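Dear colleague,

My notes on what was found follow directly after them.

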Amino acid sequence: MARVAAKKSAVGLTPPPLLPVPQLERLLSAGMERGADFAEVYVERTVTTAVTLEENKIKSAQSGLQQGVGVRVVSGAKVGYAYSDDLDDEALLRAARTAAMIAQGTGSEKSFNVARAPLPMFYRVQQSLKDIEVARKADLVVRANKAAHLYDKRIKQVVATYADSTKRVMVANTEGHLAVDTQDLCRLSVHVVAEGRGKDGKPERRTGFYGGGGRVPFSHFDTFTPEMVAHEAARQAIAVLGAVDARAGQQTVVLAPGWSGILLHEAVGHGLEADFIRKGTSLFAGKLGQQVASNLVTVIDDGTMANSRGSLNVDDEGNAPEFKVLIERGVLKGYMYDALNAKLMGGRSTGSGRRESFKHMPMPRMTNTYLAPGDSTPEEILKGVDKGIYCAHFGGGQVDITNGNFVFEVNEAYEIEKGKMGRPLKGVTLIGVGPEALKNVSQVGNDPMPDPGLGTCGKDGQSVPVGVGLPTLRIDNMTVGGTKV
Amino acid sequence: MSTDYQALAKQMVARAKKKGAKQAEAYIEVGRESSVRVRDGQIEDLTQATSKGAGIRVFVKDRLGFAWTSDFTTEAINSSVDRAVQLAEAAAPNKLNGLPTKKQLGAPSDVGPLFDEAVANLDPEWKIKSALEMEKAGKAYDPRVKTFDSVGAGDHVNEVYLASSEGASNGYQGTYVYLYAMPVAADGPQLQTSYWVDYKRFLDELDAPEKIGVEAARRAVRMLGASKVKSQKVPVIFDPMMAAAFVSGIAAAANGDAVFKQSSFLASKLGQSIAPKNVTLVDDGLMKRGLGTSPFDGEGVATRRTAIVEQGVLRSFLYDTFTARKAKAESTGNASRGYRSLPAIGTNNLYLEPGTTSPEELIKGVKNGFYVTAMLGHGANVVTGEFSRGANGLWITDGALGKPVQEVTVAGNLLDMLMAIDGIGSDLTFRGSTGAPTIRFAELTVSGE
């Protein structure tokens, strides 16, 4: 597996800090005033832009500004959290003192100093996305709309959206650590509806969706063009016109590479997050060193991939992201830790502490999670299936980490008959139990696996951008939901 | 320090007009929240915060611009107003654009009280005690309840202020209080979880913590030993939680915007019979003490009660002002939003009217079928009406709930499913702003082995 190496360490150009360091230090002292073990201040300022096109017109252009400070205080296993979007000194001190109340001790007037360590740069955006003219962003959705309609006259509805954010963060804690980062993120997405005529003469409608982006400069869309995105969305919708019902029950499935990685994200990723492990609520708890998947399966979570949507120069607790092998040849090797769970479990942070915003406490989360390529060619994988389903493009998924049940929604699927692709199938849902599904992986492709930069993961009401990836994969005995028995 | 947010909203509108907007609307939200989670008889975490934000929507030469900010310094507020006006240049002109007129706004609806002093002044100790009681009651229910993924309590107080150049100028405040428990039950290698919650505006309507803890535990424990079943077509019953998810899918297809774009399977069905006569689906923005109740919607239009399906007939779609104008209809007061987003069509209090049959009777009438208590996945495709979700629950044999089932899907087409409803329970249940009773479908496909 070729790992994308990080560019050399650098401390970039520094705009004025979100909060002056002495003020951060005062807030840390206030957080510790009742004698807690640890305090942390997280400062965020995010600027967003979005342009939406529908019904062939740019419907709106919009922009937002969110800023605030979250103070976390830890006393034993107890956590106090308070936040404020008011940045005046008094409001912030009030927040710090509120969080401090989690500790029951009496007065402490210890002072804390923080110093900034250099960070790696896994994404460097020369010109912040917030500084790109909105007209250029609008142009992307106009071009996508045009291309989708030109692709096929049966494309009737196109909704194209461009959205970006430039997030500046500062994290300081009572261990003396200070980290500062600027995180640019963008995504272009296109939804289409195609309309054809069914066999009964009635209109038949099918949908298509594609998009991508990442922590990339705006020039990303010079090569990942709106036309490419629109064509792919339109292709999917046209391809499944005339789709037939899928047969329900257990079947062999072949997953196309890339965005199919959400299966991995759901089937095993969440269950390896340390909070679930510590609480004993994940079915992977207590299974380190055990065979939990086919020996063809190696699963990696890598927060250091260049420019990927889930990458971080620093996590939301100020720790460096890592390249982590979670499962190696089927054997469970490690979990993903944030600092709090690491401390409570006697481990160390893997740089997996993430949060949606200053309004949230960090939790262990995935970054870019993928299955390492194997040695089968995609062609031989398909050829080897006598009867099954080829899953070409995917909607989303969800998992119950406790019993391991996960679903995975397939928007574009085909029958496989004697090693060849057959008729398109109406949207199917795959369901399985994480470890069982991974034990049934019988072939792993050697094809490239990163997704185009689409994913947003939700957990406990917090959304964070993630990357996923999977090479072409064969899984036997997957349960396929359908209406035909 | 108290700020007059209504005056601030008006100032934003005035500035937008001065900067060249033909119409402008400011929407401000101010809130505070407090929550607690417990673990093993101890506090796990406590969160307390205040937050606020303002969104400004403008029309400049029929072009729409929007900006929002959580920073309320004069400089940031002014710059967001100016940015909204500038951004409108990037949008296309659309003659149908515009804010609701004075007439369309109407007088704010009289919805009764939305604010409970008892919630606004709730003692943090009450939340800690309640969460601990839920945990204790859940563990006491059955020794196989080993732990909780999460168990907690919280409240929030929200204020909304809206002002527009067309004469809207109003505000309201509301309270919310909730309890939730997610226990994990273990037996041998299998773990099962479940979820139970109550969420109300008024403290005296909230279920007792013990009741929440026990119900959550009961739902988790009964799933122990779950396995797959064979693929088959059988009668399927959705419990009230799952029925609420189902009716949300129907309401999503009644979204006037999706209908106008021919992107809903209900688009051509207005006035037609789409379900049996006992099916009535209502969105009621006026429901007394409802979680989704408010005097006006996200663009200031008076809320109302809309029957989407009445005695089986599709009666109305849901509209905001812009979509209503496109479709030559009237807004139904369903513009839903927060300060960070433009209004979009959503439901207020959505519910399926209850029937007269008890849920036990509905189960009794099934010889071989599936009682669904949890689902995974995003559900229905509103364009095609196809529905396919992962499902957990209990198998029904000879009219009685039996062995637990997991790792299967239920699938159908929403139109067929509506027609297949052959029983509606008397147990209308709200655990949020969407409510439903138990419903029974004559036949759906269950996929398993």
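How many of the 485 residues of chain A count as buried? The share is 61% of them. Please bear in mind throughout that this is a predicted model.

**The two chains**

The secondary structure of chain A consists of ten helices and 23 strands. Its radius of gyration is 24 Å, close to the 23 Å that the globule rule gives for 485 residues, so chain A is as compact as a globular protein of that length. Of the contacts in chain A between residues at least 6 apart in sequence, 76% join residues at least 24 apart.

Chain B contains eleven helices and 21 strands. For its 449 residues the globule rule gives 22 Å; the radius of gyration of chain B is 24 Å, close to that value, so chain B is as compact as a globular protein of that length. A box of roughly 70 × 55 × 35 Å, taken along the principal axes, holds the C-alpha atoms of chain B. In chain B, 58% of the 449 residues count as buried. Contacts in chain B with a separation of 6 or more come to 72% from residues 24 or more positions apart.

**Where the chains meet**

In the contact between the chains, 63 residues of chain B touch 62 residues of chain A. On the side of chain B that touches chain A, strand β2 (residues 42–60) of chain B gives the most, with eleven residues. By class, that side of chain B has 30 polar, 19 nonpolar and 14 charged residues.

A strand pairing also links the two chains: strand β3 (residues 78–84) of chain A and β2(B) pair in the parallel sense over six bridges. Within β2(B), B:Ala49 is the residue that A:Tyr83 stands opposite.

**A nonpolar core**

The largest nonpolar core has 287 residues, and A:Ala148 and A:Cys391 touch the most other members. Which residues is A:Cys391 in contact with, leaving aside its neighbours within four places in sequence? They are A:Val253, A:Val254, A:Leu255, A:Ala256, A:Ser260, A:Val410 and A:Ala413.

Helix α5 (residues 226–239) of chain A has 14 residues and reaches 20 Å from its first C-alpha to its last, close to the 20 Å expected at 1.5 Å a residue. Ten of these 14 residues are buried, so α5(A) is largely enclosed by the rest of the structure. The buried residues of α5(A) include A:His231, A:Glu232, A:Arg235 and A:Gln236, as well as A:Pro226 and A:Val229.

In chain B, helix α7 (residues 240–253) has 14 residues, which should span 20 Å at 1.5 Å a residue; its end C-alpha atoms are 20 Å apart, which agrees. Ten of the 14 residues of α7(B) are buried, so this helix is largely enclosed by the rest of the structure. Among those buried residues are B:Met241, B:Met242, B:Phe246, B:Val247 and B:Ile250.

**A sheet in chain B**

Chain B has an open sheet of six strands in the order β11-β10-β9-β14-β20-β19, with mixed pairing. Its edge strands are β11 and β19 (429–430) of chain B, each of which pairs on one side only.

Strand β9 (residues 281–284) of chain B runs antiparallel to strand β10 (residues 305–310) of chain B, and four bridges join them. In this pair, B:Val282 stands opposite B:Ala307 in β10(B). β10(B) also pairs with strand β11 (residues 313–314) of chain B, in the antiparallel sense and over two bridges. B:Val309 has B:Leu314 in β11(B) as its bridge partner, and B:Glu310 stands opposite B:Val313 in β11(B). The hairpin of β10(B) and β11(B) has two residues between the strands, and there B:Gln311 takes a positive phi near 45°.

**A loop residue in chain B**

The loop between α8 (256–260) and β9 of chain B contains B:Lys261. Is this residue buried or partly exposed? B:Lys261 is partly exposed, because 19 other C-beta atoms lie within 10 Å, whereas a buried residue has 20 or more. From C-alpha to C-alpha, B:Lys261 is 41 Å from B:Asp4 in space, and the two are 257 residues apart in sequence.

With kind regards

Notes
Residues numbered from 1 in each chain as written. Chains lettered and ligands numbered in written order. Predicted model: local features only at pLDDT ≥ 70, side-chain atom pairs only at ≥ 80, totals over all residues. Expected span 1.5 Å × (residues − 1). Buried ≥ 20, exposed ≤ 12 C-beta atoms within 10 Å, placed from the backbone. Contact = placed C-beta atoms within 7 Å. Nonpolar A, V, L, I, M, F, W, Y, C, P; charged D, E, K, R; others polar. Pairing = 2+ DSSP bridges. Rg over C-alpha atoms; globule rule 2.2 N^0.38 Å. Core = buried A, V, L, I, M, F, W, Y, C linked by C-beta atoms within 7 Å.
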